[in-house]
Amino acid sequence: MMHLYNTLTRQEEPFAPSHDNTVRMYACGPTVYARAHIGNFRTFVCLDVLRRTLRYVCGHQVRQAVNYTDVDDKTIAGAQQAGASLRDYTEPWIKAFREDMAQLGVETPEETPRATDDDNLRAMGEMIGALERNGHTYRRDGSIYFKISTLPQYGTLARLDREGMRDGATVDADEYSKDDPRDFVLWKASKPEEPTWDFGTGPGRPGWHIECSAMALRLLGTPPIDIHAGGIDLIFPHHENEIAQSEGATGQTFARVWVHVEHLFVEGGKMSKSLGNVYTLTEIAERGHRASALRYLLLSSHYRKQLNFTWTGMDQAEEAVRRIVDCRARLDTVSGDGTHPPVRDAIEQARKAFTAALERDLNTAAALAAVFDLVRDLNAAIDAGEMSASDADAAKQVIDACDQVLGVISLRQAEDAQPPVPAEEIERLIEERRLARQRRDFAASDRIRDELAERGVLLEDKPDGTRWKKK
Ligand code: AMP
Ligand code: ZN
């Protein structure tokens, strides 16, 4: 049975959905004002492994929502700077995020709402209305605030000391006046030049926290939802405030299990723009690495441990992926009759160890160790000629079942099937080269050919034009 560490109780607990075998899971998605970085993707890849484990190991259905935060200070500032509407500004970032998630082999969640969808804004307005009726709010200068002293359970998730909270520092950056520095904004009064809506709230825009509470309950149904997840930095104030809003509005527990993914560090430090180490998938590709290796690296350590990204680690991840993929390919070459009990034992042991590791709070490090033990034993058996075709089939089945959760081998196979350079780019370069030759600029035409060759694409000039093939 699956066990998950619940931040709410600070304990590992047996996990099952509350009813009808469907796990209802919400994860806080990206703020869409920039390309997501590999730290963000650690969270999303780990949550994808959780989703896949629940589906393929535990046999549950999953109904997952991951939102796009497309209205907040940063997206508004970005849109203003670009002279674009909020929608026009956030759309390309959403598209980039979807493409990156697909490249990393992350399964598409059932729901990917934007905060500014009318239905979601309406749900936020309704939730704020319920909070007002329940006496949890006050209005000041056109904004609406949540009064945390009205909710006895406030601080439970983050284990805040309620006494200490009184004179605590302001934690919710926001320039409006509040009764208590810890009170947080639900709806911000409209300002000139900012997008404005009114859903019974008065003109303004939602605060960040209300977006997730309202979308989670609108899309996943009656509380409590089964799992609420995100990166560890979201525990406070974001998730604490989500609980306050949802529970203050409904009187029901919001989420049963809270899952938090530890941060990714880069070369031992935090990722930050000033250090120039905020890597995206583009930088990973520019260094010659593929998304499958990054996916492997991101899931190679337990999600509750900090993970340190290094380029050496990326090289090792490449090597590890290659080892598994090569072994899987080698199994296709095995022939011969009968069965070999030691091979069957190794396969069965790996299957059990893999499942047990994932059921132990998603211990992906131990699950991968089980796969590598199997790879070692299989390679040794093939070398010794002690494997039959049916043994190989049994091994393939188990490796493929493991990969349903890991999603690394299938991703690498899909990458291998792709041209090394996008087809449209190759076509464009072929045309550029044709024009260069037409104006007898052979240096430029050779450069294009050589650069493509370096990237794994060979050009062949035929009487009827230039064709290309993989090197
Ligand atoms: P944001 O776009 O900043 O709202 O972040 C999207 C998700 O990525 C949230 O769940 C964050 O907690 C998570 N996140 C941000 N930085 C990191 C990091 N360095 N490591 C892992 N997760 C992160
Ligand atoms: Zn959230």
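How many nonpolar, polar and charged residues does the shell around ligand 1 have? In this predicted model, the count is six nonpolar, nine polar and two charged.

**View 1. Meet the neighbours of ligand 1.** Here you can see the residues that surround ligand 1, and there are 17 of them. G39, T43, G231, D233 and L264 are the closest. Two elements, α1 (38-57) and β9 (225-231), each supply at least two residues of this shell. The largest share comes from α1, which gives four residues.

**View 2. Zooming in on contacts with ligand 1.** Start with T43: one of its polar side-chain atoms lies 2.7 Å from a nitrogen atom of ligand 1. Next, look at L264, where a backbone N or O atom lies 2.8 Å from a nitrogen atom of the ligand. At G231, a backbone N or O atom sits 3.0 Å from an oxygen atom of ligand 1. Taken alone, ligand 1 would expose 490 Å², and the protein buries 86% of that.

**View 3. The pocket that holds ligand 1.** Ligand 1 takes up space in the largest pocket. That pocket has about 1300 Å³ of space. It is lined by 44 residues, and T31, Y33, N40, K74 and D233 are the closest to its centre.

View 4. Still, α1 gives the most, with four residues. Sorted by class, the lining has 18 nonpolar, 15 polar and 11 charged residues.

Methods: Residues are numbered from 1 along each chain as its sequence is written. Chains are lettered from A and ligands numbered from 1 in the order in which they are written. This is a predicted model: local features need pLDDT of at least 70, side-chain atom pairs count only at pLDDT 80 or more; totals for chains, interfaces and linings use all residues. Side-chain values use heavy atoms; hydrogens and water are left out. A residue is near a molecule or strand if one of its heavy atoms lies within 4 Å of it. A polar contact is a pair of N or O atoms within 3.5 Å; within protein, one must be able to donate a hydrogen and the other to accept it, and residues adjacent in sequence count only if both atoms are side-chain atoms. Accessible areas come from the Shrake-Rupley method with a 1.4 Å probe; for residues, only the protein chains shown count as cover. On a 1 Å grid over the protein atoms alone, a cavity is a set of points where a 1.4 Å probe fits but cannot get out, and a pocket is an open set with protein on both sides within 12 Å along at least five of seven lines; lining residues have an atom within 4 Å of a point. A molecule sits in a cavity or pocket if more than half of its atoms lie within 2 Å of its grid points. Ala, Val, Leu, Ile, Met, Phe, Trp, Tyr, Cys and Pro count as nonpolar, Asp, Glu, Lys and Arg as charged, and the others, Gly among them, as polar. Grid points are joined across faces, edges and corners, and a volume is the space filled by probe spheres set on the points.
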